[in-house]
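Colleague: I would like to learn how to read a model like this one, feature by feature. Could we begin with pairs of charged side chains, and then turn to the rest?

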Amino acid sequence: MPKYLFLQRSLPRKPQQPSPAQMQEMYAVFNAWKEKFKDNILDLGGPLKPGGKVVTTSGATDGPFVEAKEIVGGYMLVSAESFDRALEVARECPGVIMPGSSVEIREIQEVSGS
Amino acid sequence: LTGGPEPGDRPGVAAAPGLVEHFFRHEYGRLVALLTRKAGVHHIDRVEDAVQAALLAALTAWTAQGRPDDPGAWLYRVAHNNLIGELRQTAGRLLILERAVDAEAERTDSPATAHFAGEVADDMLRMLFICCDDAIPRESQLVFALKTLCGFSTAEIALRLFTSEANVYKRLARARDRLRDSSPDIQTPPLDSLKSRLPNVHAILYLLFNEGYLAAHAEHAIRRELCDEAVRLATLLAEHSVGAVPETFALLAVMHLHAARLGARCDGMGGLLLLEEQDRSLWDREQMRLGAEWLSRSACGELFTRYHAEAGIAAEHCFAPSFEQTRWREICDLYAMLERIDSSPLHTMNRAVALAEWQGPDAGLALLQAVAPPAWLVNSYLWDAVLGDLHRRAGNLEIAGRHRERALTSAPTAALRELLTRRLTTAA
């Protein structure tokens, strides 16, 4: 079955911290979503820490993160029989509904011979 | 209070698997209280950040790996490590912190030791007493308790107190400034030394309850949470040696007896109902039972406090078989006692209302004529509503009409205007 990489992007500004009550709701919503698509989610991935380096032949630099309009905030691995199904998984992902955030879906190219 | 959120309260939200309602919010309060004792009040900001970060970490980790067997212990461990890391990094090597760290190292192996109910109650109550420091303005005490002990965010507090987020923020900052300046030796005071603050603690819990109870507001469910929190903290206080005094019991009786009638005050469409319109069969029997129980426990000792008087009045209403059969004479006596303890024209006005039921509207009006009401009372809809009602029933229709107009103009909500219109236009 094809695999997809989900890249969650969001605006670089610090989002407002959710309250404990909101976190409990988010936990409930995430669990419901995870349960619904449990056959599709290969690796729930996780949030990425801010900062980082970009390595090239000329050395390592701080990433282009400062200037970027959006930054990659997290990733996930999903398997789905079709792109449409992967789209469905992403569309219902609670992470998408936060203002200013989006999910980029990329099908992972199968390496021939595998 | 036993009532959970009402159906339709938060539509479409699944229950958090394996977690009781308000788990995150109450864990926030518990952990802030616990870690504040360890690190000292002047580190309250860092403590709150550490707890907030632990809850956020739980959100990610529990979603990915499933909920741990003991979520409370998990949160404690993570929040504690966050705090130690933060203190090491930013606060240098202060002796008091080193001690906190050392003491902690011994117990990290068995974090469950931090979960003895008695210790949690100790920490929560200490935090509550700290909130009630005389140097903190009362308005700040209230929001600070809502933030640290009840786990509400600034936005959630603003919504519940009908004020702006900026205002809540300002009040919180005032409380924090005061605590940050506190001298190190009172940073983690033993609970017994705080006993003298008990009247302040009662006042704050009473205020918290009333914020939820008195609101004539359509968003009933979220205001009800304030009543629930007040009862939760007051119960904690009553069951602890530091607060197990008749005054606390009387306060709890007031809360339960009012809460018993809370659900019946609304007509199901957001409108408010007059006492005589309420369906008494809808009053919550369990709340009435609890109220009666605390009331009887409060009937000991030397002091008859304002909470005793108010509990007595609430009990008269609660246990009257009907509006007509209410013992107005007893209610008048109790209001008179309340006035002697805590002189306020508001209490006199309430006594006039009861007196009017007992001896007729002219008796009520005669009592009110002796009152020189302060501006805040004259400008509130209550004063005009009462005068309008009594004059109407006494047949002074012209005066009644004037008060009616004024009451309707100053009534703060549509639900109240609706109720007043009904009350003040019924034929005499």
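Modeller: A salt bridge is a side-chain nitrogen of Lys or Arg within 4 Å of a carboxyl oxygen of Asp or Glu. The general idea is that side chains of opposite charge can pair when their charged atoms come close. Here B:R171 forms a salt bridge with B:E139, with the closest N and O atoms 3.7 Å apart. Please keep in mind that this is a predicted model, in which local features need pLDDT of at least 70, side-chain atom pairs count only at pLDDT 80 or more, and totals for chains, interfaces and linings use all residues. Residues are numbered from 1 along each chain as its sequence is written, chains are lettered from A and ligands numbered from 1 in the order in which they are written, and side-chain values use heavy atoms, with hydrogens and water left out.

Colleague: Which helices hold B:R171 and B:E139?

Modeller: Helices (H or I, at least four residues) and strands (E, at least two) are DSSP runs, numbered from the N terminus. B:R171 belongs to helix α8 (residues 165-180) of chain B and B:E139 to helix α6 (residues 138-148) of chain B, so the pair ties together parts that are 32 residues apart in sequence.

Colleague: Is B:R171 buried or exposed?

Modeller: Buried means under 20% relative accessible area, exposed over 50%, and partly exposed in between (1.4 Å probe, protein chains only). B:R171 has a relative accessible area of 11%, so B:R171 is buried, while B:E139, at 45%, counts as partly exposed.

Colleague: How far apart in helix α12 of chain B are B:R289 and B:E293?

Modeller: Those two side chains, B:R289 and B:E293, meet in a salt bridge at 2.7 Å, N to O. They are four residues apart in helix α12 (residues 285-298) of chain B, and therefore separated by about one helical turn. B:R289 is partly exposed at 42%, and B:E293 is partly exposed at 41%.

Colleague: How are the two chains built?

Modeller: Chain A has two helices and six strands, whereas chain B has 20 helices and zero strands. Buried residues make up 29% of the 114 residues in chain A and 54% of the 428 residues in chain B.

Colleague: Where in chain B does pLDDT stay under 50?

Modeller: pLDDT is the predictor's confidence in each residue, from 0 to 100, and where pLDDT is low, the predicted coordinates should not be read in detail. Chain B averages a pLDDT of 84, yet the value stays under 50 over residues 1-13 of chain B, and residues 106-114 of chain B are also below 50.

Technical notes. Contact means heavy atoms within 4.5 Å.
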